[in-house]
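Trainee: I have a new structure to read. Can we go through it feature by feature?

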Amino acid sequence: MTLIFFIAGLIIGSFLNVVVYRLRLTETILGRSHCPHCKAKIKWYDNIPLLSFVLLRAKCRTCNGVISWRYPLVELFTGIIFALVGKYFFVLGNNFSYWQTGFYLLIFSLFLVLLSYDWQFMEMPVIIFWILLGVSVTYLIFISLNEYLIGVDFYRLSLFSGLIGGVISWTFFFLLVFFSKEKWMGWGDVYVGFLAGLILGWQNIMLGLLLSFMIGSICAIIIVVLKKGTMKSQIPFIPFLVMGTIITVFINQAFPEIIRYLYF
Ligand SMILES: [Zn+2]
């Protein structure tokens, strides 16, 4: 079952690359992919996730233009994340798990679009933010109604926890952007920070932010060492925020005892 989720993830990942590319060009999402250099239509057998990239040695068949490593990486990330959602959330015959699986597959896919887009263009596509916000709030209302019906206390409802997490995280990034005059962070980070808090809730947002900054620092060091670049070169932060959030969701689901240990 995990393998099916992995393969589905590779295919969706390939589609997400197209979404990012088309979002930039504001074309329609449907339609065939083409080479960013020579615009030649990519044949179906050259468009197999991961495999084609390796077989074509990262080059376009028509013009020999270099294909970015970002494409297979996004496909691989999507595959791994889908496999993990399948492993930790999907339970055959359990209706609630279908909702959870669907929700996480959808928001993680959209998160990966934000990751890839920010990585390339240092910007946040606002439309993806609004979709994520709408989907997350709807899901939290749905979950909270169920919790309310089985008698969960008001202050323990997921919606309540998510809103508090969102406000904490939003305030944190807002202050960073405001006092650094956008030098350390951008406004996109403030919005995605709110989403991270909404999804993780106040219980987990600290861990999510901690992981984001840890992954970010490690990558920054690697970039400075590899490129011998200066510390001044700007690095987009949304990719790390997205990774920190996704990893935290899995830690919370797979090893809830770690989360409990962190707080008590
Ligand atoms: Zn080409």
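Trainee: In which helix does Ile107 lie?

Mentor: Keep in mind that this is a predicted model. Ile107 lies in helix H4, which covers residues 95-121.

Trainee: Is Ile107 buried or exposed?

Mentor: Count the neighbours around the residue. A residue is buried if 20 or more other C-beta atoms lie within 10 Å of its own. Ile107 has 20 other C-beta atoms within 10 Å, so Ile107 is buried.

Trainee: Which residues does Ile107 touch?

Mentor: Leave out residues up to four places away in sequence. Then Ile107 touches Leu132, Val135, Ser136 and Ile199. Now take a pair of positions. Ile107 and Phe240 are 133 residues apart in sequence. From C-alpha to C-alpha, 16 Å separates Ile107 and Phe240 in space.

Trainee: Let me step back to the whole chain. How many helices and strands does the protein have?

Mentor: There are nine helices and zero strands. Along the sequence, the pattern reads α-α-α-α-α-α-α-α-α. The radius of gyration is 19 Å, close to the 18 Å that the globule rule gives for 264 residues, so the protein is as compact as a globular protein of that length.

Trainee: What does the C-alpha trace span along its principal axes?

Mentor: The C-alpha trace spans about 60 × 50 × 35 Å. Burial can be read for the protein too: 34% of the 264 residues count as buried.

Trainee: Which residues in H3 and H4 meet?

Mentor: Look at each side in turn. H3 brings Arg70, Val74, Phe77, Thr78, Ile81, Phe82 and Val85 to the contact. On the H4 side, the residues include Tyr104, Leu105, Phe108, Leu112 and Trp119. By class, the contact of H3 with H4 has ten nonpolar, five polar and one charged residues.

Trainee: Now another pair. At roughly what angle do the axes of H7 and H8 cross?

Mentor: Helix H7 covers residues 187-227, and helix H8 covers residues 238-254. Their axes cross at roughly 115° and come within 6 Å. Angles of 65 to 115 degrees count as roughly perpendicular. H7 and H8 are therefore roughly perpendicular to each other. H7 passes H8 in a right-handed crossing. The residues of this contact divide into 14 nonpolar, ten polar and one charged.

Trainee: Where is Ala58 found, and where is Asn64?

Mentor: Ala58 lies in the loop between helix H2, residues 51-55, and H3. Asn64 is found in the loop between H2 and H3. Check their surroundings as before. Ala58 has 13 C-beta neighbours inside 10 Å and counts as partly exposed. Asn64 has 11 and counts as exposed.

Technical notes:
Residues are numbered from 1 along each chain as its sequence is written. This is a predicted model: local features need pLDDT of at least 70, side-chain atom pairs count only at pLDDT 80 or more; totals for chains, interfaces and linings use all residues. Helices (H or I, at least four residues) and strands (E, at least two) are DSSP runs, numbered from the N terminus. The radius of gyration is taken over C-alpha atoms; the globule rule is 2.2 Å times the number of residues to the power 0.38. A residue is buried if 20 or more other C-beta atoms lie within 10 Å of its own, exposed if 12 or fewer, and partly exposed in between; C-beta atoms are placed from the backbone. Axes are lines fitted to C-alpha atoms, for helices over the stretch in contact, and angles run from 0 to 180 degrees between N-to-C directions. Angles under 35 degrees count as roughly parallel, over 145 as roughly antiparallel, 65 to 115 as roughly perpendicular and the rest as oblique. A crossing is left-handed if the near helix is turned anticlockwise from the far one by less than a right angle, and right-handed if clockwise. Ala, Val, Leu, Ile, Met, Phe, Trp, Tyr, Cys and Pro count as nonpolar, Asp, Glu, Lys and Arg as charged, and the others, Gly among them, as polar. Two residues are in contact if their C-beta atoms, placed from the backbone, lie within 7 Å.
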